[in-house]
Amino acid sequence: MRGARSEEMELFQTFLTTMSAPEAQRGTDIYLWRNRAGEYKRTFSSKSTWEQLRDHSPAVNWFKTVWFKEFVPRCSFITWLAVQNRLPTKDRLRNWGLNVPAACVLCISGTETHDHLFFDCEFSRDIWRDLASRIWQNPPLDLSSVITWILQPRPSPHASASVIIKLLFQAAVYLIWKERNSRIFKNISSTSGAIRVSVDRLIRDRLLSLPSTDGSPSLLEFYFGCIKLFP
Ligand SMILES: [Zn+2]
C-alpha cells in the first residue's frame, strides 16, 4: 500500500482493505451517505452534511437581533459584521498599514472606529436615538448595550415592537455605513434627516412585503401607530 499523506487518508486506506473489490455480478454501484447516527442512506441532505462538517461554537447572545424572520438580508449582513467589529473601519485599515486619514467623515471631529460610528458619533447618534426612541424610550448608544436593550423582556405588544426595533436597528446601521461609504468613495453627502427618511422607507417596503396574518393588526399597521411623529 502506498504511504498515506495524512492520518485520515491512512485510516481511509485501512478501511478500504476491509471491503471486497467491486464485481459486476453484485450489481451497479450506488451512492450512500452516512448520517449523524452513523447509518448509510441513499438520501442526501446538504443541511445535515453541513451540520456534521462545520465547527460548532456556542450561540452568541446577539444572533436574534441580527437574524430573524423579517430581516432585510443586506442590512443583517452589515449589522452582523458591525457587531463583531469586522467592518473595514479606518482604525482597522490603519492597523493593517494603510495610509488613510483617521477622521470620521460623518462628524469630522471623531476618529472612525466601530464604537464611534455605532453610535458615539454625533451624526449617527442623532439618527439612532430619534428612530429608536419612537418605539422604546432612552435607547443606549453602544452596540452591546443596544443588543441587551432590544432582547430584554417587555410587556405586550412586545412581539411587534421587538420586530420593528430590530428592523430599525439594522436599517440604521446599514444606512449609516452606506452614508460613510458614499462620502468617502463618491463624495456625496446626505443629511441625517434624509437618512431617517431612508430608514423609514426601507422598513415600510419590508413590512409591505410580509403576508398579512389571521386578522390581527399587521406589523405595518403597528409601525404606522409607532411612527405617527415621523416627519
Ligand atoms: Zn463621527
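**Entry 1: Glu112**

I began with Glu112, which I found in the loop between helix 5 (90-95) and helix 6 (114-120). I kept in mind that this is a predicted model. Is Glu112 buried or exposed? Its relative accessible area is 0%, so I wrote it down as buried, the cut-off being under 20%.

Next I looked up the polar partners of its side chain. A polar atom of the Glu112 side chain lies 2.8 Å from the backbone nitrogen of Lys90. The side chain of Arg180 is a partner too, joined to the side chain of Glu112 by a polar contact of 3.0 Å.

Then I listed what Glu112 touches, leaving out residues up to four places away in sequence. Thr89, Lys90 and Asp91 are among them. Ala102, Ala103 and Cys104 are also in the list. Leu117, Arg180 and Ile184 complete it.

**Entry 2: Cys121**

I moved on to Cys121, which sits in the loop between helix 6 and helix 7. I noted Cys121 as buried because its relative accessibility is 0%. Which residues does Cys121 touch, not counting those up to four places away in sequence? I found Cys104, Leu106, Cys107 and His116. Cys104 was already in my notes as a residue that Glu112 touches.

I also checked a distance here. Cys121 and Thr111 are 10 residues apart along the chain, and their C-alpha atoms are separated by 9.1 Å.

**Entry 3: a cis peptide bond**

Which form does the peptide bond from Phe118 to Phe119 take, cis or trans? I found it to be cis, with omega near 0°. As for its place, Phe119 lies in helix 6.

I turned to phi angles next.

Asn85 has a phi of about 55°, positive although the residue is not a glycine. I located Asn85 in the loop between helix 4 (73-83) and helix 5. How open is Asn85 to the outside: buried, partly exposed or exposed? Its relative accessible area is 39%, so Asn85 counts as partly exposed.

Asn138 also has a positive phi without being a glycine, and its value is about 50°. Asn138 lies in the loop between helix 7 (122-132) and helix 8 (143-151).

**Entry 4: stepping back to the whole chain**

I then went through the protein chain from end to end. How many helices and strands does it have? I noted 11 helices and two strands.

For overall dimensions, I read that the C-alpha trace spans about 80 × 55 × 30 Å along its principal axes. The radius of gyration is 25 Å, whereas a compact globule of 231 residues would have one near 17 Å.

Buried residues make up 35% of the 231 in the chain. I looked up contacts with a separation of 6 or more as well, and 53% of them are between residues 24 or more positions apart.

The accessible surface comes to about 15,200 Å², and 55% of it belongs to carbon and sulfur atoms. I recorded 30 positive and 22 negative side chains, with the centres of the two sets 4 Å apart.

Terms used
Residues are numbered from 1 along each chain as its sequence is written. This is a predicted model: local features need pLDDT of at least 70, side-chain atom pairs count only at pLDDT 80 or more; totals for chains, interfaces and linings use all residues. Side-chain values use heavy atoms; hydrogens and water are left out. Helices (H or I, at least four residues) and strands (E, at least two) are DSSP runs, numbered from the N terminus. The radius of gyration is taken over C-alpha atoms; the globule rule is 2.2 Å times the number of residues to the power 0.38. Buried means under 20% relative accessible area, exposed over 50%, partly exposed in between (1.4 Å probe, protein chains only). Contact means heavy atoms within 4.5 Å. Accessible areas come from the Shrake-Rupley method with a 1.4 Å probe; for residues, only the protein chains shown count as cover. Lys and Arg count as positive and Asp and Glu as negative; His and the chain ends are not counted. The place of a charge is taken as NZ of Lys, CZ of Arg, CG of Asp or CD of Glu. A polar contact is a pair of N or O atoms within 3.5 Å; within protein, one must be able to donate a hydrogen and the other to accept it, and residues adjacent in sequence count only if both atoms are side-chain atoms.
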